[in-house]
Amino acid sequence: MIDLRSDTVTRPSKAMLEAMFSAKVGDDVFQDDPTVIALEEKSAAILGKEAAIFCPSGTMTNQIAVNIHTRPGDEVICHRNSHVYYYEGGAMMRNSGVSVCLLEGDRGQIRASDVAAHINPDDIHRPVTSLVEVENTMNKGGGSVYLYSNLAEIAEVCKANNLKYHLDGARLFNALAETGESPLKYAGLFDSVSICLSKGLGAPVGSLLIGDKTFIKRARRVRKIMGGAMRQAGYLAAAGIFALDNNIGRLKEDHTRARYIGAVLEKMPYIEQVLPVETNILIFNLVKRFSETEFLSRLKEKDIHALPLGPQSVRFVTHLDFTDSMMMKVEEVLYGLKH
Ligand SMILES: Cc1ncc(COP(=O)(O)O)c(C=O)c1O
């Protein structure tokens, strides 16, 4: 089976499983699991922040951040297609009672001028704007990478208006692999950063929320309330440490394979448009006569699996378990599709 549905489909390697198997564990609710502590310290150091908290998912790290940075009734500014709004089941509204101000923007990216223009005035009729959220890379924007200068300009707007600033960095390391920047550069910009271990980095479970000590202390309480406090979580944290140590350096391979398939698709008569391929997410549109359902079922007959994104639109995501020989197979199948 060739699975291009997501980079979350990877299975732990033998070496990762060995690291998990030999982990030293404790009870993380009592904060005495040494492997969880090591992972939290390691990830905070990578981002140049004071502290971190290990959580079961990226949805939870995002939701904890929203919960701490806002009060019920406040408004969050984010892109219309951001994961925190579009793909988290309305959790911001349900868990934190906030409303949203949804911005447009090329390939899922918001701009500082737009943020500034949408901060509500101090007027009792309007919700209080308290948080700005960005996503890098931007999933529904085709894995697009923000320019650091754009993120820094948004940070200036946040500072000037006393707004908190959260980064959904589920695929931050994919972005950094492309720009060659150090994660340390990001520390000063954001009040909190979420990173995922279970996407391009290949761990089976886990995300980290990273920020200052006071913020992370509050995050421990919110994680508990949301039901995300785990016990011998060191077995999972060991996979996370392995992922950070071994799987960041190879992310560019995934990007190269995504670009290769993107170039193949560009040549196909049944393709209307391929979004620029910046990282490991490839979004493309089929011509009108070829529905996404039919395209995907034709691929499925060849045991290639991917997801629809809407009418005529399909997403491929490359990852650790997607090899060169699978890429060649996909190429062969794409050439063979007559439409
Ligand atoms: C950009 C982004 N943020 C957050 C998440 C949520 O992660 P999880 O599936 O671990 O809840 C995802 C999941 O794909 C994502 O793509």
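Modeller: What follows describes helix H12 and then the protein around it.

This is a predicted model, in which local features need pLDDT of at least 70 and side-chain atom pairs count only at pLDDT 80 or more, while totals for chains, interfaces and linings use all residues. Residues are numbered from 1 along each chain as its sequence is written, and side-chain values use heavy atoms, with hydrogens and water left out.

Helix H12 covers residues 292-301; helices (H or I, at least four residues) and strands (E, at least two) are DSSP runs, numbered from the N terminus. The buried residues of H12 are Glu-292, Phe-295, Leu-296 and Leu-299. Because they cover an arc of only 95 degrees around the axis, these residues are on the same side of H12; the arc is that of the directions from the helix axis to the C-beta atoms. Thr-293 and Glu-301, on the other side of H12, are exposed. Here buried means under 20% relative accessible area, exposed over 50%, and partly exposed in between (1.4 Å probe, protein chains only).

The buried residues of H12 pack against several elements: strands S10 (281-286), S11 (304-305), S12 (307-310) and S13 (313-317), and helix H13 (324-336). Contact means heavy atoms within 4.5 Å.

Just after H12 comes Asp-303, in the loop between H12 and S11. Asp-303 is not a glycine, yet has a positive phi of about 65 degrees. Most residues other than glycine have a negative phi, and most peptide bonds are trans. Asp-303 counts as partly exposed because its relative accessibility is 36%.

Arg-107 also has a positive phi, near 50 degrees, and is likewise a residue other than glycine. Arg-107 is in the loop between strand S4 (99-103) and helix H6 (112-117), and its 16% relative accessibility is why Arg-107 counts as buried. The peptide bond from Asn-136 to Thr-137 is cis, with omega near 0 degrees. Thr-137 lies in the loop between strand S5 (129-135) and helix H7 (148-160).

As for the whole, the protein has 13 helices and 13 strands. Buried residues make up 56% of its 339 residues. Of the contacts with a separation of 6 or more, 73% are between residues 24 or more positions apart. The C-alpha trace spans about 60 × 55 × 35 Å along its principal axes.
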